[in-house]
Amino acid sequence: MSEKIHPVTKLVKSHALIDKAKYEKWYEESIENPDKFWGKHGKRIDWFKPYTKVKNTSFTGKVSIKWFEDGQTNVSYNCIDRHLKTHGNQVAIIFEGDNPYIDKKITYNELYEHVCRMANVLKKHGVKKGDRVTIYMPMIPEAAYAMLACARIGAVHSVVFGGFSPEALAGRIVDCESTFVITCDEGVRGGKPVPLKDNTDTAIHIAARQHVTVSKVLVVRRTGGKTGWAPGRDLWYHQEAATVKAECPPVKMKAEDPLFILYTSGSTGKPKGVLHTTGGYLVYASMTHEYVFDYHHGDIYWCTADVGWVTGHSYIVYGPLANCATTLMFEGVPNFPDQGRFWEVIDKHKVNIFYTAPTAIRSLMGAGDHFVTRSSRSSLRLLGTVGEPINPEAWEWYYNVVGDGRCPIVDTWWQTETGGILITPLPGAIDLKPGSATVPFFGVKPQLVDNEGKVLEGPADGNLCITDSWPGQMRTVYGDHDRFIQTYFSTYKGKYFTGDGCRRDEDGYYWITGRVDDVLNVSGHRLGTAEVESALVSHNLVSEAAVVGYPHSIKGQGIYCYVTLMAGNEGSDELRQQLVKHVRTEIGPIASPDKIQFAPGLPKTRSGKIMRRILRKIAEDDFGALGDTSTLADPAVVDDLIANRQNKV
Ligand code: WT7
């Protein structure tokens, strides 16, 4: 198969931190002697007590992952204090408001003061090392202050995306027994308020019914809008901050002390609390940030993710700040006031490095080139994508129209679990193929296996595993180490299984083909089909539901729901709307079903297992190729499903 190749240009090569020879040398070193390699690169962060052990990891038995275990450090110290002597007046965070007339620059000196005050407020109200603090915030600098304040005092943060519903927030509060919440009165997105404090109040009620009592809510004032208030429990941040000192010593943390929990969807059950720890995570996040984005001192760097996702953790906050970068935080959305917003912001703040998701690229591509070409974008040097496979058409548009054919695109493959980027081009070293995440980062050993676990060599299509640990890897599922072992290390014994399908071509390039489990990727957001199903069946008229993905031109995947109603009920458009609303209340707008098909029966095997393969085919309108249906308990249900399909093309 011949793919289009974009070779590394002279200009990029001359400027880049890593060229091809260096990539190959370092990669080999990292695989042959990980202790030596990471022993050296672990020093990129400051340690209060240097480590003597580097790697101590096992993917078998009880699965244990430890990096730099006898070292001591502090993430907040590394992201702030160590830069102050030489770069205190440098801008750390550029805040670009939802409203295009609002922006703000925060220097490292100012960041220090804000974070120390927030840390002191947490301490004043009893937060201690190891306590879990839930952060439910919009994209404002205080979200970063809150994360860094937790890290400073050793509290473990759990950031919950502001688009999640009160139900979803409550579930996450309960799972990690978090009794302290940081939120704000209202967020603002696309000119509309988001009632974060009211949602928090509702979530706290739901959590209380499950015996987790939130005792304090720290509220940042963003809009001044009206919210409920529980005296004694709720605290205004601006009032509290004025009562504490602007200095707070960073707590010495062991390398393996927890830094944060971040919930993510799996193929079964409730979202899992992915646990990341201190030393290895920061080494990996900062190192990948520097080399993948070819970050040079003084560059203006913008990642459009939300801090509610891992991309925001590693590549808006921790990686960039550890590298003394200038990182832009954008409160708004790509299409407000209009679809030229991204490109306008790039010109306004002279952004050099821009990192976004394929879904945003596809939707802006659909808006027309004039939104892009009316801007200059001359500051841009590098583009990146993350979250889902990017189709070559969108890649070429991003490259030619947004980047004027001048900027390499780094297609970065990774996961919440991996902490940082694992497969990606390094811009000065690797020729690009549109749609391929290309090659592994230092220390990463990908392997393809077939469904029986047989290792596939050379060009092949299979299931993507990683055979050895890297410092940014998650350490456990919070409170459930067995689930960690079960989910990631039991499908293919002794290997970390990613859940992704992948092809390796004749040049050794990796092409991620998407999830091979029951996880959907909707606009780059991960969603378990089981979660949407359980939201649907919690509606009193629904008796059974099955959810599958189908190709969607903007979102990557759309959500297709088969719903069986309780006996005696008829499906209608009104009920469809009700169900969509119900799922939004249970999970959040990101889980809104795109298609709902009322089905009198679902295709099941005689043992009662739903045959999703058939449901996927019908959702794709590809029912000519249903394959073997002879094992179905009642083959007739399939005819009804086909006749009433919602995606006729
Ligand atoms: C899943 C992880 C960590 C980034 C944000 C998403 C898919 C991620 C790519 C890419 C193809 C990608 C995978 C992965 N994915 N990046 N560059 N090309 N697919 O994090 O929510 O943990 O989802 O996103 O399917 O398993 P996440």
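This is a short tour of a predicted model, stop by stop.

Before you start, note that residues are numbered from 1 along each chain as its sequence is written. Because the model is predicted, local features need pLDDT of at least 70 and side-chain atom pairs count only at pLDDT 80 or more, while totals for chains, interfaces and linings use all residues.

**Stop 1: the two domains.** Select 102-276 together with 299-331 for domain 1, then 523-644 for domain 2; these bounds come from an automatic or database domain assignment. Their C-alpha centres are 35 Å apart. Where they touch, domain 1 supplies eleven residues and domain 2 twelve (contact: C-beta atoms, placed from the backbone, within 7 Å).

**Stop 2: the nonpolar core.** Now colour V115, A146, M147, A149 and C561, which have the most contacts inside the largest nonpolar core, a set of 200 residues. Such a core consists of buried Ala, Val, Leu, Ile, Met, Phe, Trp, Tyr and Cys residues joined through C-beta atoms within 7 Å; buried means that 20 or more other C-beta atoms lie within 10 Å of a residue's own, with C-beta atoms placed from the backbone. Both domain 1 and domain 2 give residues to this core, so it lies between them.

**Stop 3: helix α6.** Select residues 141-153, the helix that brings the largest share of the core, ten residues (helices are DSSP runs of H or I, at least four residues, numbered from the N terminus).

**Stop 4: M147.** Finish by zooming in on M147: setting aside neighbours within four places in sequence, its contacts are I135, H157, V159 and V317.

Conventions: Contact = placed C-beta atoms within 7 Å. Buried ≥ 20, exposed ≤ 12 C-beta atoms within 10 Å, placed from the backbone. Helix = DSSP H or I, 4+ residues; strand = E, 2+ residues; numbered from the N terminus.
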